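Colleague: Let's go through this model together. I will ask about helix packing and charged pairs.

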Amino acid sequence: MHSVQMSRDLQDDATAWRRYLHQNPELDYQVLNTAAFVTQKLASFGINHIETGIAETGIVALIQGDGGDGPTIGLRADMDALPIVESSNNPWSSKIPGRMHACGHDGHTAMLLGAARQLANTRNFKGTVALIFQPAEEDGRGAQRMVQEGIMDRFGISRVFGMHNSPGMEIGKFGICDGPIMGALDEFDIIVKGRGGHAASPHMNIDPIVIAAQIVVGLQTLVSRNTDPMESLVISVTKLNAGEAYNIIPEHAQIAGTVRALVPALRDFAERQIYASSQGVARGFGADIEFKYRRLEPATVNHSTETALAVEAARKLVGANSVDDKVRPSLGSEDFAYMLDARPGAYIFIGNGSTASLHNPEYDFNDEALLYGIGYWVNLVETALAR
Ligand code: NI
């Protein structure tokens, strides 16, 4: 099995790729230069089955093992950056104002490229590896579109694996858990419909601002007083808009926010109870509401068998004590969820050391992690597709 030592010769190249990608961040589906860079590298490794233009700029490339027929497993990296002004002053910081790789997708792409080179050289497995490079993770739609465009069926992918760096987790450590590991993402909008009028005559009006304030306070108790404290649910009000003038009570007030949950039943609860609580408060004041609830991304749910495989592959690389197989899930969302909805698989966190947090202007992917990520991918393939 591959050790960190065996992939150390890739370190310099992978670092150069990572820093090039970091200097040239692209957004959403517009990762044209990034996709061209990835395609050119894959071809230079002697990989000749490369399909581009999936979900606009996504790529799937296939590597056959030397061990004969076997299943196909998918390894996924995301390629897109964020609309953030970078404030680190590294020599490799973003050359494009207002855009930066603040989530480490530059590192994810470089690690999968490094694994591609290693696997194309050694081919010490049976069956096939499908390298999946996706656009628009931050948009939350890239993975879904690649699945909708049929990559799982077309390439015969039977299991799929993902990885994300984790600031605050030590370099050389991994974290994973069976079941939900990243949260579902929903959004809601509430419009409070009162009756506007002169601010000097409150008795003639139904003030939507006072009602909206009560609704916001009421929403704070849905989690604290109505859900099991051992389960995870977040309801955050993130927008509150009403009024234009000092002397007018407006007709409407708008409230909006986000819901994060690990299990589907809590999304049902949130949708039902946000409506019931808001409607109840509004009715009590003689007003009414309009309510919209949108389910944007499902939770990222790891499958048991594949989680065990991922743990085994990581432990072969860094030892049992450096792999936490009961890591605390995050309530952030991840569109790899759509791939795990389509096929069994597992998503793992890789330590990024003590860097700034994800989506922070000072964040940088830690190049010391590259080696571990590459080693994990190679071990995973040689474990899942052992000849
Ligand atoms: Ni990310």
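Modeller: First, a term: helices are DSSP runs of H or I with at least four residues, numbered from the N terminus. Note also that this is a predicted model.

Colleague: How are Lys316 and Glu312 placed in helix α8, and how many residues apart are they?
Modeller: Both residues lie in helix α8. Their spacing is about one turn of the helix.

Colleague: What is the distance between the closest N and O atoms of Lys316 and Glu312?
Modeller: A salt bridge needs a side-chain nitrogen of Lys or Arg within 4 Å of a carboxyl oxygen of Asp or Glu. Lys316 and Glu312 form one. Their closest N and O atoms are apart by 3.2 Å.

Colleague: Is Glu312 buried or partly exposed?
Modeller: Buried means under 20% relative accessible area, and exposed means over 50%. Glu312 has 40%. Glu312 therefore counts as partly exposed.

Colleague: Which parts does the salt bridge of Glu306 with Arg159 tie together?
Modeller: The closest N and O atoms of Glu306 and Arg159 are 3.8 Å apart. The parts tied together are 147 residues apart in sequence. Glu306 lies in helix α8 (residues 304–318), and Arg159 lies in strand β5 (residues 157–166). So the pair ties α8 to β5.

Colleague: Is Arg159 buried or exposed?
Modeller: The cut-off for buried is under 20% relative accessible area. Arg159 has 17%. Arg159 is therefore buried.

Colleague: Which class does Glu149 fall in by relative accessibility?
Modeller: Glu149 forms a salt bridge with Arg145, with the closest N and O atoms 3.6 Å apart. Arg145 is partly exposed at 25%. Glu149 has 35% relative accessibility, so Glu149 counts as partly exposed.

Colleague: How many salt bridges does a search of the whole structure find?
Modeller: Side chains of opposite charge can pair when their charged atoms come close. The pair Glu149 and Arg145 is a salt bridge. The search of the whole structure finds 22.

Colleague: Are α1 and α2 roughly parallel or roughly antiparallel?
Modeller: The axes of α1 (residues 11–23) and α2 (residues 32–44) come within 10 Å. They cross at roughly 160°. Angles over 145 degrees count as roughly antiparallel. The two helices are therefore roughly antiparallel.

Colleague: Which residues of α2 make the contact with α1?
Modeller: From α1, the contact uses Trp17, Tyr20 and Leu21. The contact residues divide into four nonpolar, two polar and one charged. On the α2 side they are Asn33, Thr34, Phe37 and Lys41.

Methods
Residues are numbered from 1 along each chain as its sequence is written. This is a predicted model: local features need pLDDT of at least 70, side-chain atom pairs count only at pLDDT 80 or more; totals for chains, interfaces and linings use all residues. Side-chain values use heavy atoms; hydrogens and water are left out. Axes are lines fitted to C-alpha atoms, for helices over the stretch in contact, and angles run from 0 to 180 degrees between N-to-C directions. Angles under 35 degrees count as roughly parallel, over 145 as roughly antiparallel, 65 to 115 as roughly perpendicular and the rest as oblique. Contact means heavy atoms within 4.5 Å. Ala, Val, Leu, Ile, Met, Phe, Trp, Tyr, Cys and Pro count as nonpolar, Asp, Glu, Lys and Arg as charged, and the others, Gly among them, as polar. Buried means under 20% relative accessible area, exposed over 50%, partly exposed in between (1.4 Å probe, protein chains only).
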